Amino acid sequence: MLKRAIFLVALVLPLAAWAFVKPVRVLAPGLEGLTCEGLVCVDDPARRAEATTLYREGVQFVQTSVGAMQSTPRALFCSTRACSEKLGLNRRNAYTVGTFAFVIGDRGWQPYYVRHELIHHLQNERLGSVRNSFFEPVWFREGMAYSLSEDPRRPLPEPLQEYRSRFEDWFKQIGLARIWVEAEKL
C-alpha cells in the first residue's frame, strides 16, 4: 500500500507542478511549443535572430557593466500572448527562474528587459536564489535591476521608481567595486 502511494505521489506531483507552477515549464520549453538553439528558445522561429541578438548583447552588457556571470542562463522568448500566458507571464513582461533561465514575454522584447533579467540572474549567482528572492530588500533587488539595466522609462510606476531611486542613492555611496560585499550586509 505504501509503495503504491509513493508511486502515485511520484507520478502526480510532477504533473501538478507542470500544471500549476508555470515557471517549472522552463525546464522543457519544447513541450510548450518553443524551439531552442543553444541557450535561446523562441516560439516563433522567424524571430530567432532578434532573440539571439537581444540575448548576446544583454549578456555582454551585464558582464562588462555589472559583473561577471559564472554561467549564462537559458532564455525563453515568447512572441505571442498565448506563449506568455503558458509560461506564467500574466501581467509581467519577464521573470527569472533562479540561475537556470529567464522568460521574456511578448511585450518584453527590449534590451533593458533582457538586461534586467540577467541582472537578477547575476544577483542569484552572487547572493543565492533563496536569499535574493526572500531576504534581500526589494528596493535592492528591483532597484538594482531597473537602474543598472539602464531602463529608459522615467519615472517608473510606483513603487518601482522609489526602489530605483533608493538603490541609486545607496549605489553612489558604495560603487560597483563594493556592491556584492555591501549587498551581503543588507
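The protein chain has eight helices and five strands, where helices (H or I, at least four residues) and strands (E, at least two) are DSSP runs numbered from the N terminus. Read from the N terminus on, the elements run α-β-β-α-β-α-β-β-α-α-α-α-α. The model is a predicted one, in which local features need pLDDT of at least 70 and side-chain atom pairs count only at pLDDT 80 or more, while totals for chains, interfaces and linings use all residues. Residues are numbered from 1 along each chain as its sequence is written, and side-chain values use heavy atoms, with hydrogens and water left out.

Of the 186 residues of the protein chain, 44% count as buried. Here buried means under 20% relative accessible area, exposed means over 50%, and partly exposed lies in between, with a 1.4 Å probe and protein chains only.

Two of the helices illustrate how elements pack. Two packed helices are described by the angle between their axes and the distance between the axes. Helix α4 (residues 111-127) packs with helix α6 (residues 138-148) at an angle of about 135°, their axes being 8 Å apart. This makes α4 oblique to α6. Axes are lines fitted to C-alpha atoms, for helices over the stretch in contact, and angles run from 0 to 180 degrees between N-to-C directions. Angles under 35 degrees count as roughly parallel, over 145 as roughly antiparallel, 65 to 115 as roughly perpendicular and the rest as oblique. The crossing of α4 and α6 is right-handed; a crossing has this hand if the near helix is turned clockwise from the far one by less than a right angle, and is left-handed if anticlockwise.

The structure also holds two disulfides. A disulfide is a covalent bond between the sulfur atoms of two cysteines, assigned here to a pair of cysteine sulfur atoms within 2.5 Å. With bonded cysteines counted along the chain, the pattern is 1-2, 3-4. C36 counts as partly exposed because its relative accessibility is 35%, whereas C41 is buried at 0%. In the disulfide of C78 and C83 the sulfur atoms lie 2.1 Å apart. The torsion about the S-S bond of C78 and C83 is about -50°, so this disulfide is left-handed. Both C78 and C83 are buried.

Aromatic rings provide a further set of contacts. A search of the whole structure finds nine aromatic pairs. Rings of Phe, Tyr and Trp (its six-membered ring) pair if their centres lie within 6.5 Å; planes under 30 degrees apart count as stacked, over 60 as edge-to-face and the rest as tilted. The rings of F167 and W170 have centres 5.8 Å apart and planes at 45°, so this pair is tilted. F167 and W170 are three residues apart in helix α7 (residues 160-174) and therefore separated by about one helical turn. F167 is buried at a relative accessible area of 0%, and W170 is buried at 15%. F167 also pairs with F171: the ring centres are 5.3 Å apart and the planes stand at 20°, so the pair is stacked. F171 is buried, as is F167. One aromatic cluster is formed by W139, F140, F167, W170 and F171.

Charged groups also meet rings. The charged end of R47 sits over the ring of W109, 3.7 Å from its centre, and R115 lies over the face of F61, 4.6 Å from the ring centre. A charge sits over a ring if NZ of Lys or CZ of Arg is within 6 Å of the ring centre and within 35 degrees of the ring normal.
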